[in-house]
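Here is a short note for someone opening this structure for the first time. Please keep the 3D view at hand while reading the points.

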Amino acid sequence: MRRLLSFVVLLCGFSLAVATQAPCIELNDGNKMPMVALGTGRGTASETAPADEVSKAVYWAIEAGYRHIDTAAIYYDEPEVGQGIREAINNNLVTREELFITTKLWSDKHRQNEVVPALKESLQKLGLDYVDLYLIHFPVAVKEDGSYDDVDYLETWRGMEEARALGLTRSIGVSNFNASQVDRIIANSRVWPAVNEIEVNPTLTQEALVTHCQELGVAVMAFSPFGFLVSRSRPDSPPPRVDDPILVQMANKYNKSTGQIVLRYLIERGLVPIPKSVNKKRLAQNIDLFDFSLTPEEVQTISRFNKNKRVIDFVDWKDYPHFPYGDY
Ligand SMILES: NC(=O)c1ccc[n+]([C@@H]2O[C@H](COP(=O)([O-])OP(=O)(O)OC[C@H]3O[C@@H](n4cnc5c(N)ncnc54)[C@H](OP(=O)(O)O)[C@@H]3O)[C@@H](O)[C@H]2O)c1
């Protein structure tokens with residue numbers, strides 16, 4: 001039986017007056033998820049980055065109106081994310097109940113009996129009693145040294161269901177799963193994934209997978225939402241870049257930046273973008289998306305940039321069983 005996601009866009013029910021807030025969508029388990037998340041991956045990846053880079057970004061984001069923060073065990077920044085959250089709560093910017101925190105299980109903890117301990121470790125680092133959403137980060141299981149480990153993600157999902165039943169997470173979901181992997185979980189489980197977090201941007205529009213998930217009632221979060229628009233652009237990167245004439249024209253029309261046009265494009269498609277920024281001005285801009293909308297023709301125009309080209313390819317694992325991307 002298919003559960004259709006109705007894309008009910010709801011007010012999240014928050015009362016504080018802040019600069020901008022994203023509306024919420026209702027997940028298939030009844031929980032509400034804010035439609036823009038702050039990305040925190042890469043924040044601590046650079047050895048030269050200041051130690052408080054992520055905690056400051058999280059604090060500024062909450063100040064600017066973000067209520068959804070995306071982290072993961074493998075980002076090694078859960079303590080800093082937790083610190084930013086704590087400071088925001090202590091300064092009365094927000095309450096814990098008003099926040100939606102997502103973290104993820106890494107691939108070296110895929111055995112059923114490893115899931116709950118891994119989430120408890122993440123909670124301890126975050127300084128939280130529960131997260132709002134816990135995701136299997138990637139369908140492939142590996143050993144600590146990165147070599148393949150023979151664990152079926154259905155076994156991992158049993159552990160995710162246990163974590164939810166224990167109240168350690170309100171919702172559970174997956175990340176980087178393809179359509180048949182989502183179907184296989186649904187066909188074999190009592191609790192359906194509430195979310196599939198995948199890469200979506202103008203050069204990787206993922207129309208088929210997004211539609212498949214949305215028709216099943218599985219909400220889609222869009223990581224690397226800027227695609228090749230931003231700083232990682234290399235000479236051989238496909239368009240659009242930040243100064244693309246088509247995007248600049250739309251940006252001028254709506255008095256927004258080209259980055260905001262791309263984020264709004266994802267919102268128009270019912271997706272939950274996860275823009276990452278550690279820059280106070282840019283992160284505020286990245287949630288200022290709710291006073292304009294694109295026309296269906298403009299959405300189609302942006303979709304035509306699609307080249308099925310990924311920013312994040314996990315290519316080292318391409319020969320492992322359960323590797324999700326069919327394009328390698
Ligand atoms: N589930 C998964 O497997 C997975 C994989 C990858 C990422 N993610 C999640 O998705 C998040 C976002 O992905 P991402 O970090 O790869 O890519 P992204 O958000 O598309 O791009 C981040 C880059 O864009 C820059 N930027 C941010 N806002 C900008 C703006 N308004 N104008 C120009 N440049 C801007 C950032 O620099 P500044 O910081 O200097 O602003 C940073 O260099 C991650 O942080 C993580 O939380 C999940």
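1. Contact here means heavy atoms within 4.5 Å. With that cut-off, and leaving aside neighbours within four places in sequence, Met33 is in contact with Pro23, Cys24, Ile25, Leu27, His68, Phe100, Leu133, Val195, Ala219, Met221 and Val272. Bear in mind that this is a predicted model.

2. The largest nonpolar core has 88 residues. Met33, Val195 and Ile261 have the most contacts inside this core. Helix α1, residues 53–64, gives the largest share of the core, with seven residues. Another core lies apart from it and has eight residues, among them Val140, Val142, Phe314 and Tyr325. As background, nonpolar side chains tend to be buried together in soluble globular proteins.

3. For Gln285, an N or O atom in the side chain is 3.4 Å from a nitrogen atom of the ligand. Val278 uses its backbone: an N or O atom there lies 2.9 Å from a ligand oxygen. On its own the ligand has 910 Å² of accessible area, and the protein covers 88% of that.

4. Is Pro139 buried or exposed? Pro139 is buried, because its relative accessible area is 0%. It sits in the loop between β7 (131–136) and α4 (153–165). Not counting residues up to four places away in sequence, Pro139 touches His110, Tyr153, Ser175, Asn176, Phe177, Gln181, His322 and Pro324.

5. Asn176 deserves a look of its own. It lies in the loop between β8 (169–175) and α5. Its relative accessible area is 3%, so Asn176 counts as buried. Phi of Asn176 is near 65 degrees, a positive value in a residue other than glycine. Asn308, in the segment after α10 (296–303), also has a positive phi, near 50 degrees. For reference, most residues other than glycine have a negative phi, and most peptide bonds are trans.

6. Pro239 and Pro240 are joined by a cis peptide bond, with omega about 5 degrees. Pro240 is in the loop between β10 and α7 (245–254).

7. Arg96 is a charged residue in the loop between α2 (78–90) and β6 (100–105). Why does Arg96 count as buried? Its relative accessibility is 12%, and the cut-off for buried is under 20%. Setting aside residues up to four places away in sequence, Arg96 touches Ile89, Ile101, Leu128, Tyr130, Val131 and Asp132.

8. Last, helix α6, residues 207–216. Leu209, Val210, His212, Cys213, Gln214 and Leu216 are buried there. The buried residues of α6 pack against α5 (179–187), β9 (195–199) and β10 (219–223). Just after α6 comes Gly217, with a positive phi of about 90 degrees.

Methods:
Residues are numbered from 1 along each chain as its sequence is written. This is a predicted model: local features need pLDDT of at least 70, side-chain atom pairs count only at pLDDT 80 or more; totals for chains, interfaces and linings use all residues. Side-chain values use heavy atoms; hydrogens and water are left out. A polar contact is a pair of N or O atoms within 3.5 Å; within protein, one must be able to donate a hydrogen and the other to accept it, and residues adjacent in sequence count only if both atoms are side-chain atoms. Accessible areas come from the Shrake-Rupley method with a 1.4 Å probe; for residues, only the protein chains shown count as cover. A nonpolar core is a set of buried Ala, Val, Leu, Ile, Met, Phe, Trp, Tyr and Cys residues joined through side-chain atoms within 4.5 Å. Buried means under 20% relative accessible area, exposed over 50%, partly exposed in between (1.4 Å probe, protein chains only). Helices (H or I, at least four residues) and strands (E, at least two) are DSSP runs, numbered from the N terminus.
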